[in-house]
Every structure is written in C-alpha cells, then in structure tokens.
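Thanks for asking me to look this one over. Here are my notes, point by point, to read alongside the model.

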Amino acid sequence: EMQRSLVGSEMCIRDRKWLKKKYGNYEKLKQALVKEGGKYYDLVTIRTKKGKELVVYFDISGFFNREE
C-alpha cells in the first residue's frame, strides 16, 4: 500500500509540473479518475490564466496495471 501511495504521489507531481510548464499559472477546478476502454485516466479540469476552462487527460494505466 505504501509503494502504491508513493507511485501515485510521483505521478501527481509529474502531472502538476507538466501543467505548470504547459499553462503557467492555472487554477485546478476538479479532478476525477475514469476507466475507459481498459485504461485508467486522471482527468484534471483547469482554468488557464486567460480564463479558458480545459480538461486534461493523463493516462495512469501503468499505476493500476502494477496492482493487477
């Protein structure tokens, strides 16, 4: 369980860094876990500094496939 938490934390940090690099200052509005077509996605809804609302999908299947 601890290993899974550490991997999940690393993924969150990586995703936040990517969002920061791509969109600069943004506001995270919501986050959800979705399973679609046998894959798992972390959906993050953000508002950019220009006010545009976007939904960004991160494929996190590798995290869940380790547990199966």
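1. Strand 1 and strand 2 pair in the antiparallel sense, over 10 bridges. Two strands count as paired here if DSSP finds at least two bridges between them, and the elements themselves are DSSP runs numbered from the N terminus, with helices (H or I) of at least four residues and strands (E) of at least two. Within this pairing, Val34 stands opposite Tyr41 of strand 2.

2. A word on the basis of these notes: this is a predicted model, in which local features need pLDDT of at least 70 and side-chain atom pairs count only at pLDDT 80 or more, while totals for chains, interfaces and linings use all residues. Residues are numbered from 1 along each chain as its sequence is written, and side-chain values use heavy atoms, with hydrogens and water left out.

3. Now the sheet as a whole: three strands form an open, antiparallel sheet in the order 1-2-3. Strand 1 (26-36) and strand 3 are at the edges with a single partner strand each, so one side of each has no neighbour in the sheet. On average, neighbouring strands are turned by 20 degrees against each other, direction ignored; axes are lines fitted to C-alpha atoms, for helices over the stretch in contact, and angles run from 0 to 180 degrees between N-to-C directions.

4. Which residues make up the largest nonpolar core? There are 11: Met11, Leu19, Tyr40, Val44, Ile46, Leu54, Val56, Phe58, Ile60, Phe63 and Phe64. Helix 1 (2-23), strand 2 (39-48), strand 3 (53-59) and helix 2 (61-65) each supply at least two residues of this core. The term covers buried Ala, Val, Leu, Ile, Met, Phe, Trp, Tyr and Cys residues joined through side-chain atoms within 4.5 Å. Buried means under 20% relative accessible area, exposed over 50%, and partly exposed in between (1.4 Å probe, protein chains only).

5. Leaving aside neighbours within four places in sequence, Leu54 is in contact (heavy atoms within 4.5 Å) with Tyr23, Val44, Thr45, Ile46 and Thr48. Thr48 lies in strand 2 and counts as buried, at 13% relative accessibility.

6. The structure holds four salt bridges, each a side-chain nitrogen of Lys or Arg within 4 Å of a carboxyl oxygen of Asp or Glu. One of them joins the side chains of Arg14 and Asp15 (3.1 Å, N to O).

7. Another salt bridge joins Glu27 and Arg47 (3.0 Å, N to O). This pair links distant parts of the chain, with Glu27 in strand 1 and Arg47 in strand 2, 20 residues apart. Glu27 is partly exposed at 41% relative accessibility, and Arg47 is partly exposed at 32%.

8. Asp59 and Lys39 also meet in a salt bridge (3.4 Å, N to O). Here Asp59 in strand 3 is linked to Lys39 in strand 2, 20 residues apart. Asp59 is partly exposed, with a relative accessible area of 39%, and Lys39 is partly exposed at 39%. Please look at one network too: salt bridges that share partners join Glu27, Arg47 and Glu53.
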